[in-house]
Amino acid sequence: GTQGKKSRGHTAVMRRGDFGDRANSHLALPSTSAAIVFPKPPSRTRFSVRISSAPLEDVIVEVQNVERDITGMPKIVSSWCDVICTKGQKKVWVDKHLGTKAQLACGCESFLAVALDKGILQLYSKHGRRMWP
């Protein structure tokens, strides 16, 4: 298996067993092992995804990352992500994730996947229901 560790905006992926664990801290780090580091993608304020293939049926999901500086309020209340599905000019469904930002969205006519910055992958049905988790 792999294990991810975050440091300074990067995620390092390491093979379990190469580095030992706290119980076996006497094990030395093998000189041939290296961590793979993926840079954290920059956060976008707003982006959209077209999820319909029919030319006359324009279904678009817009993702908005909102952050407000509210004095004395915890970050979970002052930052959130809105996921809004529209068909033409009509809102079909809306969802909100408190305390997190969306990094990526991808979908088709059957489902939508939204990757959130806390390592959460949110899947939606075509009707806006949370399918997983």
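Colleague: Contact means heavy atoms within 4.5 Å. What does Val63 touch, leaving out residues up to four places away in sequence?

Modeller: Thr45, Arg46, Phe47, Cys81, Asp82, Ala102 and Ala105. This is a predicted model: local features need pLDDT of at least 70, side-chain atom pairs count only at pLDDT 80 or more, and totals for chains, interfaces and linings use all residues. Residues are numbered from 1 along each chain as its sequence is written, and side-chain values use heavy atoms, without hydrogens or water.

Colleague: Which residues have the most contacts inside the largest nonpolar core?

Modeller: Val61, Val63, Val83, Ala102, Leu112 and Val114, in a core of 16 residues. Strands β4 (46-50), β5, β6, β8 (102-107) and β9 (111-116) each give two or more residues to this core. A core joins buried Ala, Val, Leu, Ile, Met, Phe, Trp, Tyr and Cys through side-chain atoms within 4.5 Å. Strands are DSSP runs of E, at least two residues, numbered from the N terminus.

Colleague: Why is β6 largely enclosed?

Modeller: Because 7 of its 9 residues (79-87) are buried. Buried means under 20% relative accessible area, exposed over 50%, partly exposed in between (1.4 Å probe, protein chains only).

Colleague: Which strands pair with β6?

Modeller: β5 (residues 59-67) pairs antiparallel over 9 bridges, with Val66 opposite Trp80. β7 (residues 90-98) also pairs antiparallel with β6, over 8 bridges. Pairing needs at least two DSSP bridges.

Colleague: What's in the β6-β7 turn?

Modeller: The hairpin has 2 residues between its strands, and Gly88 in the turn has a positive phi of about 70 degrees. Lys87 stands opposite Lys90 in β7.

Colleague: New topic. Is Leu98 buried or exposed?

Modeller: Exposed, because its relative accessibility is 53%. Leu98 lies in β7.

Methods. Helix = DSSP H or I, 4+ residues; strand = E, 2+ residues; numbered from the N terminus.
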